[in-house]
Amino acid sequence: MKKNILIIAIAVMLLASFCFAEVSYDKSFVKPDLSLVKNIYKAQLRNLNFAQADRIVRNICGITGEPLILDNAKSNKNLQYYRTLDNQTSCQIDRVTGDILYRNHTKFQGSAPNLPAKDNALDLAGNYLMTLGLFKKGMAKPHISTLKDAVRNGQETETFEKMRVVTFTRTLDGIPVLGASRAAVMLGANGDLVGLVVRWMDVQPERITGKVATLAQLKNLIKRKMAARKLNVVVKKANLIMFDNGKGTMKPMIHLEGDLITSQGKFFSDWMIPVTK
């Protein structure tokens, strides 16, 4: 008898949790193209030796003219860390993944002089990556932004342009990749290379054996996920993306955008939901 009561109690609790969540869809909602979902991707680790990682840094030095030296105190078996004597510039290479982080901390008063125009920034960034042997065929949809610094001067705020940032992304199976995969090139005064963030490993596809394939299945999945979190939401967008978790796996997911409804009001929020089983 006690066992039956326990089972009934659990069932009531589960039903209550599902009823607590309400999911509705804004009129702007458009079904994502789930037919594009075919594979997950596994990254091939670079596993560079010391000489290969050192060569990358030396190539960067050849472009920038910065005399970088190896800092053994900040290096380890997987990381090679370099810096200038005044610590104004640094570069580190992750030998396992091949990740590159180069930063020049030199600052100008006001805006950086002769900052490249946006039309020229893309060509400059691409040429730097080509010269360094880092440009990949799959690099697509570059995004150009400007890093600015706002300075308060009395009652007014002055804005100074410090650098152009050109970020290259990738697509897999026609799906944009978000997350760790990127190559960002920072351009400073006179178009000089002042920053570099690269994480771009070769990948191999693995066929998916089960996936969410219909709109009804997707909406049911969203309902279950929101119920598990006890959330009331209005879904406005459902973008199909491939997410790079930074650990060597890229999986298709739905990036939801919408409003979270609470007792305090309505707030914009977003969620990631995997579409593979």
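**Salt bridges and burial**

Mentor: In this predicted model, six salt bridges are counted.

Trainee: What makes K42 and E206 a salt bridge?
Mentor: The N to O distance between their side chains is 3.9 Å, and the cut-off is 4 Å, so the pair qualifies. K42 belongs to strand 2 and E206 to strand 13, 164 residues apart.

Trainee: Why is K42 called partly exposed?
Mentor: Its relative accessibility is 31%; buried requires under 20% and exposed over 50%, so K42 falls in between. E206, at 35%, is partly exposed by that reasoning.

Trainee: How do you know that R83 and D71 meet in a salt bridge?
Mentor: Their N to O distance is 2.8 Å, which is within 4 Å. R83 lies in strand 4 and D71 in the loop between strand 3 and strand 4, so the pair ties together parts twelve residues apart in sequence.

Trainee: Why is D71 called buried?
Mentor: Its relative accessible area is 11%, and buried means under 20%. The backbone oxygen of D71 also lies 2.7 Å from a polar side-chain atom of S75. S75, at 18%, is buried as well.

Terms used: Residues are numbered from 1 along each chain as its sequence is written. This is a predicted model: local features need pLDDT of at least 70, side-chain atom pairs count only at pLDDT 80 or more; totals for chains, interfaces and linings use all residues. Side-chain values use heavy atoms; hydrogens and water are left out. Buried means under 20% relative accessible area, exposed over 50%, partly exposed in between (1.4 Å probe, protein chains only). A polar contact is a pair of N or O atoms within 3.5 Å; within protein, one must be able to donate a hydrogen and the other to accept it, and residues adjacent in sequence count only if both atoms are side-chain atoms. Helices (H or I, at least four residues) and strands (E, at least two) are DSSP runs, numbered from the N terminus.
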